[in-house]
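Subject: Structure handover

Hello,

Here is the structure I said I would pass on. Please open it beside this email; my notes follow below.

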Amino acid sequence: MSAFAILGSAAASAQGVLSLDSCRMMALHHNKIIKTAEQNIVGAQYANKAARTAYLPGVDLTAGYFYNQHKIALLGEDAKLPTMKFDPASGSYQYNLLMNPETGKPITDPATGQPVPSEVAVIPKSAMEYDIHNVFAGAITLTQPVYMGGSIRAMNEITRYAEDLARTSRNSAAQDVIYSVDESYWLVVSLGQKKRLAESFVQLVDTLKYNVTQMYQEGVATKSDCLTVDVKYNEAQVALTKVTNGLTLSRMNLAQICGLPVDSRMQLEDEQLLGSSHSSVALPADTTLTDVYLRRQDLASLRNGIKILESTEKLTRSAMLPKVALTASYMVSNPNTIDGFEKRFGGGFNIGVVATVPIWHWGGNYYKLKAAQSATAASRLQLQEAEEKVRLQVSQARFRYDESFKTLSMTRSNLASADANLDNARIGFSEGVLTIDDVIAAQTAWLQAHSENIDAEIDVQLCRVYLSKVLGLMDY
């Protein structure tokens with residue numbers, strides 16, 4: 001909504017005169033459901049942007065510190081290793097063994113049966129102990145997806161369709177708000193007209209009451225005639241009070257929908273135009289059902305929902321396919337073992353390929369895929385049913401629209417008859433050929449004819465906006 005439109009609406013409300021368009025704009029601007037739907041659109045846009053980033057490499061930094069209670073000891077005790085010397089006669093190295101002088105053979109250990117070396121090299125246990133009480137480690141890792149089974153593409157489709165779904169939901173909510181505004185607006189116009197009609201009827205009955213009172217005083221009317229007129233006058237006053245209260249409440253309801261204070265003093269632009277050529281609205285151009293299906297926002301929401309479920313199928317299927325990613329990282333640690341065991345930071349980089357291939361999950365992924373396909377099929381059936389209902393809805397709206405114009409034409413023709421009948425009743429009563437009951441009956445018929453004409457005028461407006469909503473032609 002443009003700022004100029006909002007400012008124009010505010011200026012109109014300040015002057016106390018509101019058009020239908022200004023009421024619509026204010027209602028759309030203040031409606032909490034519309035604002036919630038717009039926030040859903042913003043959230044869906046960010047979700048779509050987040051999904052697109054999955055195509056790009058990810059960089060993560062990991063750091064940690066560990067305290068260990070014990071050192072690492074590679075030896076449980078001092079290690080004693082046999083030594084060797086070079087034998088020129090054999091041209092090879094021979095172990096230094098303890099020889100039996102009598103037999104000239106190596107002496108063996110009775111426990112193990114192994115020869116006993118004459119010399120050993122000692123590796124102290126303390127030389128193979130390493131201090132790992134405090135360990136620092138860190139790594140920066142880059143991961144580039146190569147093939148994820150189509151899951152990234154499916155998530156991008158889901159978020160894109162979710163954004164479209166949020167927009168169509170917002171549009172549907174806007175149409176509902178506009179229709180609600182139109183109903184309240186034309187109800188105020190109707191009750192405003194009926195209030196003026198009720199005031200005119202009170203004046204008619206009041207004039208008749210005055211005339212009958214004068215006739216009674218002159219002796220040409222009975223007390224019963226006076227009482228009859230008094231009853232009708234009281235009924236007219238009660239009717240005027242009811243329509244006045246109804247008008248006040250309907251204005252408060254419209255103000256609340258438009259986001260104005262409920263006690264706002266406002267007058268509607270169409271209150272003085274009812275019955276003029278302004279209410280003769282042309283029938284919307286004929287359109288095919290295919291065009292209606294494409295324009296209807298509720299059907300568009302269902303279609304977007306089906307697209308989301310179809311992409312969900314792809315996402316579920318991706319769990320059954322292999323996944324490949326490239327990785328590269330640089331890792332450091334303290335202590336490090338790059339050149340022996342050193343208590344300082346040291347590290348290096350590595351590059352690799354990671355592949356994951358699902359083999360057997362007891363059919364769990366397959367069942368999930370079938371469940372997703374079933375949900376998609378159910379949504380397609382819901383769309384078909386909705387289209388059938390829309391077809392019936394369009395036919396009903398067209399019949400109702402045509403009927404409203406025919407009714408309006410008949411009520412307008414009845415106005416002339418009711419006015420003429422009331423004039424004849426007045427003349428006949430003044431000449432003494434008609435009774436009080438005849439005049440009251442003519443006045444009642446006049447009131448009913450004008451009331452029905454007002455209802456017909458309002459019904460034309462409501463049928464027009466309803467038909468435009470059903471055909472998807474409503475401007476929101």
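In helix α7 of this predicted model, the buried residues are Gln297, Leu299, Ala300, Ser301, Asn304, Gly305, Ile306, Ile308, Ser311, Glu313, Thr316 and Ser318. Among the elements that cover these buried residues of α7 are α4 (151-218), α6 (289-295), β11 (323-334) and α8 (364-430). Helix α7 itself runs over residues 297-318, which is 22 residues. From its first C-alpha to its last, α7 reaches 31 Å, close to the 32 Å expected at 1.5 Å a residue.

In soluble globular proteins, nonpolar side chains tend to be buried together. The largest nonpolar core here has 72 residues, and Tyr185, Leu208, Val212 and Leu254 touch the most other members. At least two residues of this core come from each of α2 (20-30), α4, α5 (223-258), α6, α7, α8 and α9 (436-470). The most is given by α4, with 19 residues. To look at one member, select Val212: leaving aside neighbours within four places in sequence, Val212 is in contact with Ala221, Asp225, Cys226, Val229, Phe429 and Ile436.

Last, the cysteines. How many disulfides are there? The count is zero. A disulfide is a covalent bond between the sulfur atoms of two cysteines. For Cys258, the closest cysteine sulfur is in Cys23, and at 4.0 Å it is too far for a bond; the cut-off is 2.5 Å. Cys258 is buried, at 0% relative accessibility, and Cys463 is also buried, at 1%.

Regards

Terms used. Residues are numbered from 1 along each chain as its sequence is written. This is a predicted model: local features need pLDDT of at least 70, side-chain atom pairs count only at pLDDT 80 or more; totals for chains, interfaces and linings use all residues. Side-chain values use heavy atoms; hydrogens and water are left out. Buried means under 20% relative accessible area, exposed over 50%, partly exposed in between (1.4 Å probe, protein chains only). Helices (H or I, at least four residues) and strands (E, at least two) are DSSP runs, numbered from the N terminus. The expected span of a helix is 1.5 Å times one less than its number of residues. Contact means heavy atoms within 4.5 Å. A nonpolar core is a set of buried Ala, Val, Leu, Ile, Met, Phe, Trp, Tyr and Cys residues joined through side-chain atoms within 4.5 Å.
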